[in-house]
Amino acid sequence: MIDTFKKLFVFGRESRLDKAVATVQSSATLAPVQAMQSAGEWLAQELRRAEHRRDGLAIMRAIDDDLRSILEGAMAGMLEAKTNHARLNLLLQTTVPFCAVILEAYTEALRRDMVELARKPANAPLVQASVANWLYWIGRDHVVRFVREPKMDRLPWHEIGPAAEFALSLGGTFASRIARPDGEAGRLQKQLSHLVLLSRTLTPDLQGRQLLIADRVADTLASFIKVSDKHSSQTPFGQANSDDNPPTMLTRMPTQALVQGRGLFYGLEKTLMELVALENIITSQGKVPQKMNADEHLEVAETLVVIKHLKNRWSGREVKRQAERKAISGSLTICYDFGAIRRMVVQATQETKTRTNETTIERAMVEDVSATGVGLQLNKHTGWLKVGMLMGVKTDKDVNWRIGIVRRAIARGQGQMVAGVQLLARDPESVRLTRRANVSQWDMVSDHQSWDNLLGLYLRPDPLNENSHLLILAKADLVAGKTYGAPATREGDLAFRVISQQEIGADCVIYRVERLATVAGDTQTGAKRDSSS
């Protein structure tokens, strides 16, 4: 009987809102690609029917969380895909139109309904929430398009600025809304700040996974941006006029803002400080914080490379390429895995006819070279390449290996990878560092000391490494300020004092050290004296 009444009377029918929520929730149970296709097709149909309706914002708000869940699953899949070019492309081909149709739906609904809704003061949170959601999807649309094809597409700042100002001015004075970073107004400010950071973050220098990592860093630190309606030394970033140029450093209040009596300005100083703090935390703990790495797809070395890039971009520092690339064709031998590289360096300096059995040696095609690095093409790649990993490089004319570190890793079709390798040294040496053992059973039965041996690579001063002495180990086993012996090097017994940990790589740790003057046979004595202090 109840079902009969539902069919006869309108109030018993499922509302458009309930139907929309049920449709999107059903799509969200599917795999990311299928979920985006299903929800995207439904939303495209709704757009064609919604021209004269006034419930667009209410429906979009109701389904927003589920749409975000679908998208976040897809973007996590992009990070997880790593070197799987086919899967990454499939996700991008589906994600780009998915974000575009959601953004179009929000844009059309706001244009139809925002001003009318704002006439009632009680609707201020609804308008602010809708604009915040709209800004979120502007950012997602921008990011996925950039990952698919890195180019300097501009965000629609001529729409972003006025809409944000209008929404923030509702339900109280404009200044008071900005001063309270809570509720829907606070969420709106955070989304606006995220777009400010994105405009200074996404560049062709970052590709693939690095762009997605940069986006996560920007999202994590966006809340530290200071937003104000006044231009000052604390909020120097703003728009000079109402075009699509992003906020930039301004020396004075723009004329247009003075005449119209409005404008938004931003301060990035605290955000930059938090970025440096984030870098220090990752370096000291050897892991990316759980807050921005809940799915554990981010790797330490690659994240630190991205943060280094962001420090320059967010501070406004212009970074130029160290040396111009020159296209070239040829091939060379490469070796990966820290232990294998060290063993190959040892073999290269010894006269032996024994052929190596290392499984991490292969040939690579050369795409380009510069004074500081080389671009390589790896065919039939098996998934080992990572940004930040150590690599040995040797041409057919070389005797010894050159040591480099992977700065760029881009997947192509049919199992190909492109690797950009920064060279660190031309003539490395494998060394054995000594330090007093933490626990020594030998000490209990004799007067002799027991020593740990740490195997590493010593890179002598070279223009490639800024003329520094470097030690490279597989793990963070050295302590800043401590002295370590290196017996029986090609220059005799040496000793090194660690100045600083320079970089954490994907499979190594690089230390900057100073070489100490030692007396032959006194290396271990010096190390013992230092370790006991």
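Predicted model: local features only at pLDDT ≥ 70, side-chain atom pairs only at ≥ 80, totals over all residues.
Residues are numbered from 1 along each chain as its sequence is written, and side-chain values use heavy atoms, with hydrogens and water left out.

The protein chain has 15 helices and 16 strands, taken as DSSP runs numbered from the N terminus (H or I of at least four residues for helices, E of at least two for strands). Of the 533 residues in the chain, 48% are buried, where buried means under 20% relative accessible area, exposed over 50%, and partly exposed in between (1.4 Å probe, protein chains only). Among contacts between residues at least 6 apart in sequence, 68% join residues at least 24 apart, a contact being heavy atoms within 4.5 Å.

**A helix pair**

The axes of helix H6 (residues 124–148) and helix H7 (residues 157–168) come within 9 Å and cross at roughly 155°, the axes being lines fitted to C-alpha atoms over the stretch in contact, with angles from 0 to 180 degrees between N-to-C directions. That crossing makes H6 roughly antiparallel to H7, a label given to angles over 145 degrees. The contact is made by Val 127, Gln 128, Val 131, Trp 134, Leu 135 and Ile 138 of H6, together with Glu 159, Ile 160, Ala 163, Ala 164, Ala 167 and Leu 168 of H7.

**A buried arginine**

Arg 68 lies in helix H4 (residues 56–81) and is buried, with a relative accessible area of 13%. Leaving aside neighbours within four places in sequence, Arg 68 is in contact with Asn 133, Tyr 136, Trp 137, Arg 187 and Gln 191.

**Positive phi in loops**

Most residues other than glycine have a negative phi. Glu 296 has a positive phi although it is not a glycine, and Lys 380 likewise has a positive value in a residue other than glycine. Glu 296 counts as exposed, and Lys 380 counts as exposed too.

| Residue | Phi | Loop between | Relative accessibility |
|---|---|---|---|
| Glu 296 | about 60° | helix H12 (269–285) and helix H13 (300–314) | 63% |

Note on methods
Parallel < 35°, antiparallel > 145°, perpendicular 65-115°, else oblique.
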